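Me: I am new to reading protein structures. Could you walk me through a few features, one at a time?

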Amino acid sequence: MESLTTSAKEPPTDDDEAITRSLAGDLDAYEVLVARYSVLAHRTAAMLGAADEAEDVVQEAFVKAYRHLGSFRRDAHFRPWLLRIVANETHNLTRSRGRRDRLTARLTEAVPTPGEGPEEASVATDRRARLLDAVRTLPERERETVVCRYFLQLSEAETAQVLDLPVGTVKSRTSRGLARLREEVARDLI
């Protein structure tokens, strides 16, 4: 009897178990999902334009995800479903404030590489900032796919699910976005 009580309090090991237990009213199980995906959700919101309000977007997305967990298709993956909610919340935020092209300054902060000197760190920071500036200038449709594919490292299928697009559209928008970035980088070097 004691082992049943102990095992029921152990954290869920995978998303399916966490979802099942959350649907049964186990808030601790949902907390595991929140902890597991908070960083990625925050990064997604920030990269899609929420900037300093990414935390609010993520919080609202997790609340909405919990409310609609019953409608979650169990044959799908939780991560892209959640990120789609985050993307929709970010769109709502940026649409209402007209700040779609703004990315968070937090993402431009340098992440020091071990063994990297101050000069190399400065150059790397400058390159990241110029790349983010170039990404910001992309048309929104292309920016979204490039951000999902290369900054969030989502697959084409996950990107399609997050942005509610066909995979072919993700491929073409990503290709156009990368071509524009190449042109921009080449212009920057001249």
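Reply: Happy to! Keep in mind that this is a predicted model. Let's start with a charge and a ring: the charged end of Arg149 sits over the ring of Tyr150, with 5.5 Å to the ring centre.

Me: Nice. And how many aromatic pairs does a search of the whole structure find?

Reply: The search finds 5 aromatic pairs. Tyr30 and Tyr66 make an edge-to-face pair, 4.8 Å centre to centre and with 65° between the planes.

Me: Why is that pair called edge-to-face?

Reply: Planes over 60 degrees apart count as edge-to-face, and here the angle between the planes of Tyr30 and Tyr66 is 65°.

Me: Which parts does the pair tie together?

Reply: Tyr30 belongs to helix 3 (residues 27-50) and Tyr66 to helix 4 (residues 54-67), so the pair joins parts 36 residues apart in sequence.

Me: Is Tyr30 buried or exposed?

Reply: Buried means under 20% relative accessible area. Tyr30 has 8%, so it is buried. Tyr66, at 32% relative accessibility, counts as partly exposed.

Me: Which residues do ring pairs link into a cluster?

Reply: Look for Tyr37, Phe72, Phe78 and Trp81: ring pairs link them into a cluster.

Me: Now the backbone, please. How do I read a phi angle?

Reply: The general idea is that most residues other than glycine have a negative phi. Ala51 is not a glycine, yet its phi is positive, about 50°.

Me: Where does Ala51 lie?

Reply: You will find Ala51 in the loop between helix 3 and helix 4. With a relative accessibility of 3%, Ala51 counts as buried.

Me: What is the phi of Gln153?

Reply: Gln153 has a phi near 55°, again positive in a residue other than glycine. Gln153 sits in the loop between helix 7 and helix 8 (156-163). Its relative accessibility is 66%, so Gln153 counts as exposed.

Me: Which residues make the contact?

Reply: Helix 6 brings Leu131, Leu132, Val135 and Arg136, while helix 7 brings Arg143, Val147 and Phe151. Sorted by type, the residues of this contact are 5 nonpolar, 2 charged and no polar.

Definitions and conventions. Residues numbered from 1 in each chain as written. Predicted model: local features only at pLDDT ≥ 70, side-chain atom pairs only at ≥ 80, totals over all residues. Heavy atoms only, no water. Contact = heavy atoms within 4.5 Å. Helix = DSSP H or I, 4+ residues; strand = E, 2+ residues; numbered from the N terminus. Nonpolar A, V, L, I, M, F, W, Y, C, P; charged D, E, K, R; others polar. Phe/Tyr/Trp six-rings, centres within 6.5 Å; stacked < 30°, edge-to-face > 60°. Buried < 20%, exposed > 50% of the residue type's maximum accessible area, 1.4 Å probe, protein only. Lys NZ or Arg CZ within 6 Å of the ring centre and 35° of its normal.
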